[in-house]
Amino acid sequence: MKKPGSMKGLEELGRVRLSKNFFFRDFLHSEIADFYRIPNIPEDPDLAIESGRRLCAELLEPLEATFGRLHIRSGYRAPDVNAFGNRNGLNCSTNPHTAAHHIWDMRDLDGCMGAAVCVVVPWLIDHCREEGDWRKLAWWIHDHLPYASLCFFPKLWAFNIQWHERPMRTIQSYVSPRGMLTKRGMANWEGDHSALYEGLPKLRT
């Protein structure tokens, strides 16, 4: 698919079905793009679609099947949108560091593809009340899904979840307790963590 050069072309891209419950249009909203009038359109739609399909099929579909509807906060970012956000302090990293993450149509420095989305799980907000309860979902995902990285944020316990060809499987947080929850080499990285997310639903596919 060529980069959309018209409203109709963007409309067609939005109709691309990435998985059972998700279409590309679900991931095109961006407050930065909307407010500053920067088109949030992939330079390489085919790569964005391929990465997005893996993200949706392997991570978002089982999350939604298990916990119910997901709220998508931030999905795809065009390189121009992300670069503007980085230059202006709008919580965007540099393009090289965001490639194969929010920039789905740009391979990372190792030539790998990937895709990330920031989501909120309403079930978690409704059923977990303590400050550190975000860790329950983090460990549940760690034990059940082939994620590449997770990063949790304070508001609504939103978190970035990434699919990547070479998953590092790291979990970090800006929520208390802040910092790195786990990564390869830490004592808590391997094994069964089910005691840490007791009461969460069993995986549904």
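Trainee: Hi! In what order do the six strands of the open sheet come?
Mentor: The order is S1-S2-S4-S3-S5-S6, with mixed pairing. Strands here are DSSP E runs of at least two residues, helices are H or I runs of at least four, and both are numbered from the N terminus. Two strands pair if DSSP finds at least two bridges between them. This is a predicted model: local features need pLDDT of at least 70, side-chain atom pairs count only at pLDDT 80 or more, and totals for chains, interfaces and linings use all residues. Residues are numbered from 1 along each chain as its sequence is written, and side-chain values use heavy atoms, leaving out hydrogens and water.

Trainee: Which are the edge strands?
Mentor: Strand S1 (71-74) and strand S6 (179-182), each pairing on one side only.

Trainee: And how do S2 and S4 run?
Mentor: They are antiparallel, joined by six bridges. Ala-115 stands opposite Trp-163 in S4.

Trainee: Which strands does H3 lie across?
Mentor: H3 lies across S2 and S4, at about 125° to S4. Axes are lines fitted to C-alpha atoms, for helices over the stretch in contact (heavy atoms within 4.5 Å); angles run from 0 to 180 degrees between N-to-C directions.

Trainee: New topic: which residues touch the most other members of the largest nonpolar core?
Mentor: Leu-60, Leu-63, Ile-141, Phe-159 and Ile-161, out of 53 residues. Such a core is a set of buried Ala, Val, Leu, Ile, Met, Phe, Trp, Tyr and Cys residues joined through side-chain atoms within 4.5 Å. Buried means under 20% relative accessible area with a 1.4 Å probe, protein chains only.

Trainee: Which element gives the largest share?
Mentor: H3, with nine residues.

Key:
Buried < 20%, exposed > 50% of the residue type's maximum accessible area, 1.4 Å probe, protein only.
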